[in-house]
Structure formats: structure tokens, C-alpha cells
Amino acid sequence: MPVPPGLLTLLREECGIDGSIVSRAPLLSDVRMPDCSLPSELRSALVEICGSLNVRSDEEERIRHAGGRSYLDLLRLRSATLDAAPDAVVHPANHAEVAAVIAACAAAGCAVVPFGGGTSVVGGVTTPLRSPCVAVDTDRLDALTNFDSTSLLATLGAGMRGPRIEAELNARGVTLGHFPQSFEYATAGGFAATRSAGQASAGYGRFDAMVRGLTMASPAGECNVRAEPPSATGPSLLQMLVGSEGALGLITGVTVRVRPDPAARRYAGWSFPIFEEGAAAFRELAQHQHLPDVARLSDADETRAGFAMSESGMTRFALRYLEARGQPRPCLAILGWEGSTHDIGARMHSAGPMLRRHGAISLGTSPGRSWLRDRFAAPYLRDALLDRGVLVETLETGATWSRLDELRNAVTSALLFALRRHGTWPLVGCHVSHLYPEGASLYFTILAPQAPDPVSQWHDAKRAATDAIVDYGGVLSHHHGIGRDHAAWLPLARGESAMSCLRALKRELDPAAIMNPGALVST
């Protein structure tokens with residue numbers, strides 16, 4: 001996507017970025033990486049399992065599977081030099097082939113990186129500095145294998161991407177209701193492996209709550225948790241495997257709870273005078289069971305960036321209107337309701353007084369429709385911003401309501417201080433987008449001029465922000481996962497006893513430690 005002129009103006013005025021092109025992404029043919037070092041015996045075994053067309057070591061395939069979509073992943077690609085890339089990319093067709101691939105790799109001491117949509121932003125699919133290494137792409141595990149219309153359960157192949165999932169379910173009159181920003185590429189297996197949370201989590205729930213069963217292939221054998229209602233049969237094996245990030249095995253299928261496709265949708269915009277009032281209103285909605293299906297509150301800086309990107313006459317009118325109503329630095333909220341027309345009307349009527357009690361001003365449905373139309377668009381701006389020398393990245397956390405404001409201020413201050421030490425002037429915006437009676441998520445977007453050493457610049461900022469998250473009682477990740485980027489902080493966040501249990505599970509299911517080395521946990 002081209003960068004909207006209004007955003008370029010904001011970056012120039014706030015960050016000193018003039019908007020000129022300073023770099024371009026390299027051609028695939030220009031990218032350098034280590035030579036393929038897959039042993040011939042292992043290649044032969046993999047070809048026998050999956051067929052020669054589904055075991056690939058061409059340069060494009062290796063480059064496309066060398067990492068995810070974090071800022072650091074993109075910097076590595078744009079540098080045209082990769083320190084590591086998979087020696088082969090394997091595309092198995094079913095659970096049996098996945099299990100056989102993992103067994104062959106275990107026998108050869110070859111690392112395995114499960115690869116779905118490749119949308120990880122925490123180093124979850126970055127090739128480890130270990131050779132040989134194989135990426136196992138789940139793209140051929142892409143079928144709806146069972147639909148139980150009576151129980152409202154659907155079994156999805158791990159490689160089904162978001163749009164295909166919804167197309168298959170909508171044809172049967174139901175929806176999963178899981179729409180993360182990575183929806184267009186991310187997969188059912190990735191949703192489960194990372195405990196994903198979609199934009200409509202307030203109404204439909206997180207993905208870990210949707211999963212009722214799964215099948216995983218691990219070096220120790222098959223893990224099959226059948227779908228069933230909640231039970232009192234000891235600790236949940238299902239919840240031990242959900243969120244395992246490929247470090248215990250490769251999820252090949254998930255059985256999920258689905259719901260009837262809503263008859264109507266209504267999305268609207270509201271504006272709060274300050275972020276704290278908006279958060280207080282959202283807390284009241286959550287604790288009094290009046291939550292919409294989508295609830296998103298941007299702070300003043302993120303709101304300014306959002307308005308700068310739209311630049312419509314309606315936006316300019318809204319800003320003048322809000323300033324006249326005593327909101328010179330408005331905080332935009334998007335609320336979305338789904339269901340029957342009667343149900344939506346009743347829920348909106350109940351929520352209105354709570355919002356107005358905290359100074360909210362209704363902006364009608366236009367902001368809601370705009371957000372719904374563009375909700376997957378922001379990542380497509382990253383390449384154009386990188387071309388202009390812009391550091392562009394996100395990070396997220398969550399906390400109880402009593403800690404939320406302090407945590408937001410601490411993380412924002414940590415990011416600003418760390419980036420200013422590199423001689424750059426950043427813009428840091430924040431929004432709340434996942435609500436619970438006990439707390440909420442915080443999602444930060446960072447824009448800044450790139451320093452001469454952009455990798456160290458972001459490492460310093462990320463370290464400062466993550467230290468602040470741990471120090472101020474935030475969760476290490478609300479929905480992006482641990483990956484490799486957060487693994488060093490996990491013992492601090494979970495404690496040594498919990499880590500001992502996790503390492504023991506890793507040793508039991510992956511005794512040779514071949515599964516996604518460096519992600520989540522090491523032995």
C-alpha cells in the first residue's frame with residue numbers, strides 16, 4: 001500500500017522523517033544465504049514420504065520460509081543476507097505424513113520448524129542457527145474434515161487459512177468469529193499454537209477458548225485430544241498443547257466451537273476526552289456484561305495517526321466537531337455488535353449510558369464502517385514505510401484493570417527513552433482491543449526514524465519495553481506468543497517451578513529437542 005499523505009505529514013512533523021525513499025527491498029535473486037546442507041539420506045526419506053514435488057530446496061522456497069513478519073525479520077530480508085534458512089521445505093498432505101517426516105528428522109538429528117501462514121511477529125518461525133533444519137509447511141492440510149451441526153463443532157486442518165475457514169463455515173450457516181489482523185494468511189494450526197486472539201474476542205472469545213480438541217504429531221508419537229464438553233478429569237492436556245508454538249510437536253488438526261452466522265452487524269465510533277475515561281467505560285461494560293463483540297479504544301496519539309491516514313472531509317469535520325465539544329485530543333473507540341437486529345439494538349441501548357457517563361460522544365456508524373473495511377490493511381503499509389527509513393513495529397501485553405494505566409505509561413516511557421537514546425524522535429500509540437472482567441490487553445504501535453544500526457535500535461527498545469512489562473505486572477504476551485523474542489523473559493514471568501514442568505513436558509514429547517529450537521522453551 002502507498003503511505004497516505006496525511007501520515008507522511010504527521011511523520012515529518014512529529015518524527016522528522018522527510019518521507020523520501022532511502023532503500024528498496026532486494027530482488028529474490030540478490031538474497032544470500034547458507035548453502036543447503038540437507039543430508040542425502042534424509043532427503044531421500046522425505047521424498048519417499050511426501051513425493052519429490054513436496055520436498056523443495058529452491059532459493060525462493062527457502063527464503064520464504066526463513067522467518068516471519070516481525071520488524072527484525074523484515075530487516076533481515078531487506079539486508080539481502082540471511083544467517084540461516086531451512087535446508088528444505090516439506091509439504092506433507094496429512095497427519096500420517098507429518099508424523100513420518102518428524103520421525104525421519106528425529107532419526108537424523110534434524111531441526112523441524114512448523115510453518116503455517118508465516119505471520120509470527122515474535123520470531124516464532126525464524127530458522128534457528130542449527131543445521132540441518134527443515135520447515136514443515138502445513139498448506140496441504142487445508143480441509144474441513146468434520147462438521148457436527150448438532151454440537152456446533154468443526155474440525156479444521158491445521159493449514160486452513162482464515163478466509164478459507166470462514167468460507168467453509170459460512171456455507172454451513174456458521175462462523176468461527178476469529179479475525180486477527182493476520183486473518184488473511186494465518187492458519188488454524190497457528191491460531192492454536194500461539195493462543196491467538198481475534199479482533200472480535202470480546203464477543204466470540206480467544207482461540208484457546210474455541211478449541212475443544214486437537215491432534216498433534218510429536219517425536220514421541222501422536223497426541224490426540226478428542227472434543228468433549230468441560231470435564232473434571234485432571235489437568236487439561238488440551239491446554240498444555242494449545243500455545244505450545246511448535247516446540248512440543250506439530251498440530252495437524254483442531255476441533256473448534258462455532259456459532260450461527262450473525263444476521264446483522266453494526267459498528268460505530270465513539271470519542272472519549274481522555275484514554276483513562278475510555279478505559280473506565282470499557283471496564284464497566286466488561287464487568288456488567290454489556291460488552292460488544294468488538295471493543296477497541298485508541299489513545300490520543302494512535303487516534304491522531306488514524307485520522308491522519310484517512311484524511312477525508314468527514315474526518316476533518318469530526319475533528320472540528322470534537323474540539324468544539326471539548327475534546328481537542330480525542331481518543332477514538334470502535335464498538336461492534338453482531339447478532340439479530342433486535343439483539344443488537346438492545347445491547348447498544350444498554351451500552352450507551354455507560355459510555356456517555358464517561359464523557360463519550362457518539363460519532364455514528366461511519367468510523368465503524370471504515371474500521372471494518374480496513375481492519376486487515378495496516379501491515380501492508382510496512383514495506384512502503386521501510387522504504388522511507390521508518391522503524392515500524394508493534395508489541396502487546398495485558399494487565400488487570402488496577403495495573404493498566406501504570407503499565408501503559410511505563411511501557412510508553414520505556415520505548416520513548418530507549419529510542420531517543422539512539423537520537424530518534426518516536427511516535428508511540430496504544431490501544432485496548434481485548435476486554436475481560438478482570439483486565440484488558442494493551443497494544444503499542446511504534447513509528448520512528450531508523451538509526452544507523454536499526455537492529456540494535458529495536459533490540460534496545462524491545463528490551464526496555466519488555467523489562468517494563470515484567471516489572472509492572474503485565475503479561476509477557478497477550479496474543480502474539482513467546483517465540484524466540486520473548487523466551488529469555490519467560491522464566492521471570494512464569495517462575496522456575498512452572499518452567500521445570502514445561503521443560504519436563506518438552507523432554508517427554510521431544511527428547512532430541514528437534515522441534516522449533518529456541519522457541520518458547522529450551523531443555
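Analyst: I251 touches A158, G189, A192, A193, L214, T215, M216 and L241, not counting residues up to four places away in sequence, where a contact means heavy atoms within 4.5 Å. This is a predicted model, in which local features need pLDDT of at least 70 and side-chain atom pairs count only at pLDDT 80 or more, while totals for chains, interfaces and linings use all residues. Residues are numbered from 1 along each chain as its sequence is written, and side-chain values use heavy atoms, with hydrogens and water left out.

I251 belongs to strand β10, residues 250–257; helices (H or I, at least four residues) and strands (E, at least two) are DSSP runs, numbered from the N terminus. Because its relative accessibility is 7%, I251 counts as buried, a term that means under 20% relative accessible area, with exposed meaning over 50% and partly exposed in between, for a 1.4 Å probe and protein chains only. Between I251 and G483 there are 16 Å in space, C-alpha to C-alpha, and the two are 232 residues apart in sequence.

Another buried residue is D208, at 12% relative accessibility, which lies in helix α9, residues 207–210. The side chain of D208 makes a polar contact with the side chain of R195 at 2.9 Å; such a contact is a pair of N or O atoms within 3.5 Å, and within protein one must be able to donate a hydrogen and the other to accept it, while residues adjacent in sequence count only if both atoms are side-chain atoms. Leaving aside neighbours within four places in sequence, D208 is in contact with R195, S196, Q239 and V242.

From here we can turn to helix α20. The buried residues of α20 are M499, L505, K506 and L509. Seen down the axis of α20, these buried residues fall within an arc of 120 degrees, so they line one face of the helix; the arc is that of the directions from the helix axis to the C-beta atoms. What covers the buried residues of α20 includes β8 (211–218), β9 (221–225), α10 (237–241) and α19 (490–494). On the other side of α20, S497, C501 and E508 are exposed.
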